[in-house]
Amino acid sequence: MADRLRAFCKDEILTYAYLLLYIALSSGQIFFNKWVLSSKEINFPYPLGLTLLHMVFSSVLCFMLTKVLKIMKVEEGMTADIYATSVVPIGAMFAMTLWLGNTAYLYISVAFAQMLKAIMPVAVFVLGVAAGLEIMSCRMLLIMSVISFGVLVASYGEIDINWVGVVYQMGGVVGEALRLIFMEIFVKRKGLKLNPISVMYYVSPCSALCLLIPWIFLEKPKMEAHGSWNFPPFVLLLNCLCTFALNLSVFLVITHTSALTIRVAGVVKDWVVVLLSALLFADTKLTVINLFGYGIAIAGVAAYNNHKLKKEASRASVNDSDANINESELAESEPLVASSASSK
């Protein structure tokens, strides 16, 4: 009994440790990116180049961990056809999301960018309905309306709103929504199961290539015109390492917790980012209207997550009942086979 209680306490402590690690790394990476890109801090105003560095670093490190050191395992079953028709669109949308999201930090505050991200479920649902993956209902329409209203109120409360930054952030939201839709269509429906390290291994090189092409035309000339680089390479390397560690923390959280837990942790992380950014960055000025609108949006996001989890749970119970029926039918058919064999 004591051993069982000790094991339970150990599992609980590990779970909370992984959750705290995920929240800390996720929040810290957002602040780190803003700090690197900010003209008042490191002054590396090249979000496309920074994102490209992240993807190249992730590609190299994934290859080292899985193929050279063989510490982690990549899921098998990937073919050239699946890569071209599934991984490439997902990688392109992932690159678009990171590029536009990081670019938005040049124009708007971290807190306001996080508030705009709350519109994500609306984008996913609308695109899902268009793709035939979601069904429009009165309940979902109400939830989407609550989220949209909350984001509008939060935007109305923004003191120094920059519409260029808003467009970039909304573009990043659309890119992430498309990536999730493509994951549903191209991966899950093909029965390809990939753990996070496998996703990083396959997607990172594709995303790096998608980022390299616009970087050559958009940012490379600016970087060459700037002359000698004054950016500390150690800081950029540490930034890339933190990005990779964040992806691994997601792997740990998914492995040791449930879908509900990671969604709740995501909501907590969003609030941590919004509140801490007001203390860390001078360009963040929160108002009561900001927080009130964001609270409404988060309530809508929580309702959306609850609805999705109930839907997934009911789908899983139906699959389990179907499996039990098939097993019972198989068990009933075995005596018939045995009797027919004995009669022969």
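Q: Where does I71 lie?
A: I71 sits in the loop between α2 (47–68) and α3 (80–104). Helices here are DSSP runs of H or I with at least four residues, strands are E runs of at least two, and both are numbered from the N terminus. This is a predicted model: local features need pLDDT of at least 70, side-chain atom pairs count only at pLDDT 80 or more, and totals for chains, interfaces and linings use all residues. Residues are numbered from 1 along each chain as its sequence is written, and side-chain values use heavy atoms, leaving out hydrogens and water.

Q: Is I71 buried or exposed?
A: Exposed, with a relative accessible area of 59%. The classes are buried under 20%, exposed over 50%, and partly exposed in between (1.4 Å probe, protein chains only).

Q: OK, α3 next. How many residues, and what reach?
A: α3 has 25 residues and spans 35 Å from first C-alpha to last, close to the 36 Å expected. Expected means 1.5 Å times one less than the number of residues.

Q: Where is the kink in α3?
A: At V87, shortly before the proline P89, and it is about 35°. That bend is the angle between axes fitted to the seven residues ending there and the seven starting there.

Q: Zooming out, how many helices and strands?
A: The protein has 12 helices and 0 strands.

Q: What share of the residues is buried?
A: Buried residues are 43% of the 344 in the protein.

Q: And contacts? What share comes from residues 24 or more positions apart?
A: 88% of the contacts with a separation of 6 or more. Contact means heavy atoms within 4.5 Å.
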